[in-house]
Amino acid sequence: MTTNKPTGAARGMTAYGDVGFSRFLRGAFLSGAGFDSDDLDRPIVGIADLTSDFNPCHRGMPGLIDSIKRGVAEAGGLPMVFPTMSLGETLLSPTSMLFRNLLAMETEELVRAQPMDAAVLVGGCDKTVPAQLMAAASSSVPVLIEVTGPMLTNTFEGERVGACTDCRRLWGKFRSGEMDEQRIREAEGALATTSGTCMVMGTASTMATMAETLGMMLPGGATPPSPTGDRLRHGVRTGRRAVELAREPVLPREVLTPDAFHNALRVLAAVGGSTNAIVHLLAISRRAGAGVTLQDFDDIARETPLLVDLKPSGRGYMEDLHRAGGVPVLLRALRPLLRLEHRGLAGRSLGDLLDEVPDPAPWQSTIRSLDDPLGPPGALAVVSGSLAPQGAVIKVSAATGSLLQHTGPAVVFDSPEDAAQRLDDPGTNVTADSVLVLRNAGPVGAGMPEAGSLPIPRRLAAEGVTDMVRVSDARMSGTSYGTVVLHCSPESAVGGPLGLVRDGDLVRLDVEQRRIDLLVDEAELARRRADQPAPEVPARGWRRLYAETVTQAHLGADLDFMAHDEDRGDALQPE
Ligand code: FES
Ligand code: MG
């Protein structure tokens, strides 16, 4: 691998035409913006700003960026802030996942095209940090990740609540008739009351934790809540470190090694992290050429117990994890299972860093020890079988134990809209034993929305049914829970077997055996396969490029031409 490390002030780098004139022109325009030669002789640190009114999770970002800028200036650098698109999970249709790869591509190109010696990418909401890590993987300047940090919790009717495992739980109560219209409206105002990202171990918290574990964020950066001074001080340190890295570059590809991913997969299992992280880490690994496979998640999870007591797998919230010492103390608890020689952007080996971190303190119960774990190994499992030949995933720690081995008749929905219309229809033949199957919700079919955790039919919910087996090619929110098999690959829209299921077919889930099977004989499936319609591809624009080039979930649902050279296959290799 050749690493084109920057050698001087980024403002001098230009690649076309009359170099002297190009520099003169840049100087003229930057002079007009108030920069003098003293400014421009400093290392330039680009700071990606994803502030947007359409992204409430990022409303604390302006203050955080001020802190990063101060750190850059203190260390003798010149901070230059630039915008990229911002992906607000709750306000994007049809799904934010459709735009993760677009943000990754935009960020990669802007870091490359603009003159900077290092970059700090500031993210937070679910898809932003994965996209920024994907972008970083191909960067030829050092890149640090920083996050807005989680929200603080609130109370509702005397009970501690937060976004958004409790959103789902309370909405479930409303659907079953346990809560009325008035109370659910009051709950709406109580769940997300400060700046920051969802404060359970959902996707945002999981990916912040992954960024820190991978070594792409300075230690202690995943957990400080958004409104706190801890968060701002981490921003200052990040700014200072970015200047050091601009002077002595360490590139993301030197950090995103197989050891880094090994540690990340350990931590993902130990926190009972979001299933979305599986798709994101696969995509990041393929861009970095680190070689992670879907099977690795199962292998590592099988030997890693659940150590962190956060919703949706446990009880607490991110502020509890932060007070307990955050990711460094968790890594300390996991130390015997980690690759300690890994060196992140802090510049020291993980082993050296952990020598200075205390064991989990006795006064807290959020981070447990390997001797006294919260749950057994296997928080995440990869299953495969005739319904998902290339694999599917299930978050065992958020599932119902008695349903992990279950055979039941399928009730099939052709789209999330179809499910929304028919789930509560009294005419739909569904019982607590049914297996709810959702299809056409994979990467090609629909951009892979978080539709996999189908709601329990209202009638059954009112009877006290709280969980059922659900199977799909969709994702589910990291804040969700239930016995939900996700990311079935290949998806139905590209001919996967999910498309062949009919109402009443028996589906068998056996997590112990890591199997998900459709109990229909092959001759019948061959007949059905012949009748399958070809998928519709969007006619134009980003959605067409996406549908034509997105890989399946077990490969990370990235655009196929964005992978690292060795992972792309012969077709894209230059002669
Ligand atoms: Fe933005 Fe949860 S919706 S982090
Ligand atoms: Mg989410």
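Student: So helices here are DSSP runs of H or I with at least four residues, and strands are runs of E with at least two. With that, how much helix and strand does the chain have over residues 366–557?
Tutor: This is a predicted model. Over residues 366–557 it has 18% helix and 22% strand, with the end C-alpha atoms 33 Å apart.

Student: What does UniProt place there?
Tutor: An unreviewed entry gives residues 366–557 as "domain: Dihydroxy-acid/6-phosphogluconate dehydratase C-terminal".

Student: And which residues get the N-terminal label?
Tutor: UniProt, again in an unreviewed entry, lists residues 42–352 as "domain: Dihydroxy-acid/6-phosphogluconate dehydratase N-terminal". Over that stretch the chain is 47% helix and 9% strand, and its end C-alpha atoms lie 31 Å apart.

Student: Switching to H11. Mostly covered or mostly open?
Tutor: Covered, for the most part: 10 of the 13 residues in H11 are buried. Among them are Phe261, Asn263, Arg266 and Leu268.

Student: What covers them?
Tutor: The cover includes helices H8 (203–214), H12 (276–288) and H15 (326–333), as well as strand S7 (380–385).

Student: How far does H11 reach?
Tutor: From first C-alpha to last, H11 (residues 258–270) spans 18 Å, close to the 18 Å expected at 1.5 Å a residue. H11 is followed by Gly272, which has a positive phi near 60°.

Student: Confidence next. What is the mean pLDDT?
Tutor: The mean for the protein chain is 93, and 95% of its residues reach 70 or more.

Student: Where does pLDDT stay under 50?
Tutor: Residues 1–8 are one such stretch, with 8 contacts beyond four places in sequence. Residues 569–575 are also below 50, and have 3 contacts beyond near neighbours in sequence. Where pLDDT is low, the predicted coordinates should not be read in detail.

Terms used: Residues are numbered from 1 along each chain as its sequence is written. Chains are lettered from A and ligands numbered from 1 in the order in which they are written. This is a predicted model: local features need pLDDT of at least 70, side-chain atom pairs count only at pLDDT 80 or more; totals for chains, interfaces and linings use all residues. The expected span of a helix is 1.5 Å times one less than its number of residues. A residue is buried if 20 or more other C-beta atoms lie within 10 Å of its own, exposed if 12 or fewer, and partly exposed in between; C-beta atoms are placed from the backbone. Two residues are in contact if their C-beta atoms, placed from the backbone, lie within 7 Å. UniProt positions are given in the numbering used here, feature names are shortened, and annotations may be inferred rather than shown by experiment. pLDDT is the predictor's confidence in each residue, from 0 to 100.
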